[in-house]
Amino acid sequence: MARSREAKIELTAYDDLFQTDESREKAKLSKIRDIPISEIDEFPDHPFKVLMDEDMEQLVESIKRNGVMTPATVRLKEDGRYELISGHRQKRLVNLRGLKR
């Protein structure tokens with residue numbers, strides 16, 4: 001019986017050759033991204049209601065003066081969309097103002 005001459009050689013990917021351990025670790029960290037609001041879905045069974053109350057009015061004024069100080073937290077879903085973890089009030093304000101981001 002003849003031996004197979006087919007060699008099983010695995011090559012390192014080009015990008016991996018020129019990365020440092022530091023850049024590999026940095027790639028794993030959370031990032032701030034500008035995501036269209038249309039790609040963000042509500043968290044199912046979110047326990048808190050977003051109300052247009054005095055606190056919300058204060059948030060509106062704060063965002064007008066200072067911009068958004070705390071970005072929303074989302075996670076990537078399997079379908080490529082995002083699920084909102086925190087920032088439901090900011091998302092509500094963005095929707096009310098008709099903004100896309």
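In the predicted model, Tyr14, Leu17 and Phe18 make up a nonpolar patch on the surface. Together these three residues have about 420 Å² of accessible area. Phenylalanine 18 sits in the loop that runs between α1 (14-17) and α2 (21-27). The relative accessible area of phenylalanine 18 is 61%, and because exposed residues are those over 50%, phenylalanine 18 is classed as exposed. Along the sequence, phenylalanine 18 and isoleucine 40 are 22 residues apart. In space, the distance between phenylalanine 18 and isoleucine 40 is 34 Å, taken from C-alpha to C-alpha.

Isoleucine 40 also takes part in the lining of the largest pocket, where Arg33, Ile35, Ile40, Pro71 and Ala72 are the residues that lie nearest the centre. The volume of the largest pocket is about 780 Å³, and its lining is made of 31 residues. Several elements of secondary structure contribute to this lining: α3 (54-66), β2 (73-76), β3 (82-86) and α4 (88-97) supply at least two residues each. Helix α4 provides the largest share, with five residues. By residue class, the lining of the largest pocket consists of 18 nonpolar, five polar and eight charged residues.

Charged side chains also pair with one another in the model, which holds five salt bridges. One of them joins aspartate 41 to lysine 77, with the closest N and O atoms 2.6 Å apart. This pair connects distant parts of the chain, since aspartate 41 belongs to strand β1 (residues 40-41) and lysine 77 to the loop between β2 and β3, 36 residues apart. Aspartate 41 has a relative accessibility of 18% and counts as buried, because the limit for a buried residue is under 20%. Lysine 77, at 26% relative accessibility, counts as partly exposed.

Aspartate 41 forms a salt bridge with arginine 81 as well, and here the closest N and O atoms are 2.5 Å apart. This second pair again links distant parts of the chain: aspartate 41 lies in strand β1 and arginine 81 in the loop between β2 and β3, 40 residues apart. Arginine 81 has a relative accessibility of 28% and is therefore counted as partly exposed.

Lysine 64 and glutamate 61 are separated by about one helical turn because they are three residues apart in helix α3. Lysine 64 is exposed, at 55% relative accessible area, while glutamate 61 is partly exposed, at 38%. As for Asp41, Lys77 and Arg81, salt bridges with shared partners join these residues into one network. In general, side chains of opposite charge can pair when their charged atoms come close.

Helix α3 also contains asparagine 66. The relative accessibility of asparagine 66 is 46%, so this residue counts as partly exposed. Asparagine 66 and isoleucine 32 are 34 residues apart along the chain, and their C-alpha atoms are separated by 18 Å.

The loop between β2 and β3, which holds lysine 77 and arginine 81, also includes glycine 80. Glycine 80 has a relative accessibility of 39% and counts as partly exposed. The C-alpha atom of glycine 80 is separated by 14 Å from that of arginine 33. These two residues are 47 positions apart along the chain, and Arg33 is among the residues nearest the centre of the largest pocket.

The backbone of aspartate 45 was also examined. Most residues other than glycine have a negative phi. Aspartate 45, although not a glycine, has a positive phi of about 60 degrees. Aspartate 45 is located in the loop between β1 and α3. With a relative accessible area of 76%, aspartate 45 is exposed.

Notes
Residues numbered from 1 in each chain as written. Predicted model: local features only at pLDDT ≥ 70, side-chain atom pairs only at ≥ 80, totals over all residues. Heavy atoms only, no water. 1 Å grid on protein atoms, 1.4 Å probe; cavity = no way out; pocket = protein on both sides within 12 Å on 5 of 7 lines; lining within 4 Å. Points joined across faces, edges and corners; volume = space filled by probe spheres on them. Helix = DSSP H or I, 4+ residues; strand = E, 2+ residues; numbered from the N terminus. Nonpolar A, V, L, I, M, F, W, Y, C, P; charged D, E, K, R; others polar. Patch = residues over 30% accessible without salt bridge, like charges linked within 9 Å, V, L, I, M, F, W, Y side chains within 5 Å. Areas by Shrake-Rupley, 256 points an atom, 1.4 Å probe, with all protein chains shown as cover. Salt bridge = Lys/Arg side-chain N within 4 Å of Asp/Glu carboxyl O. Buried < 20%, exposed > 50% of the residue type's maximum accessible area, 1.4 Å probe, protein only.
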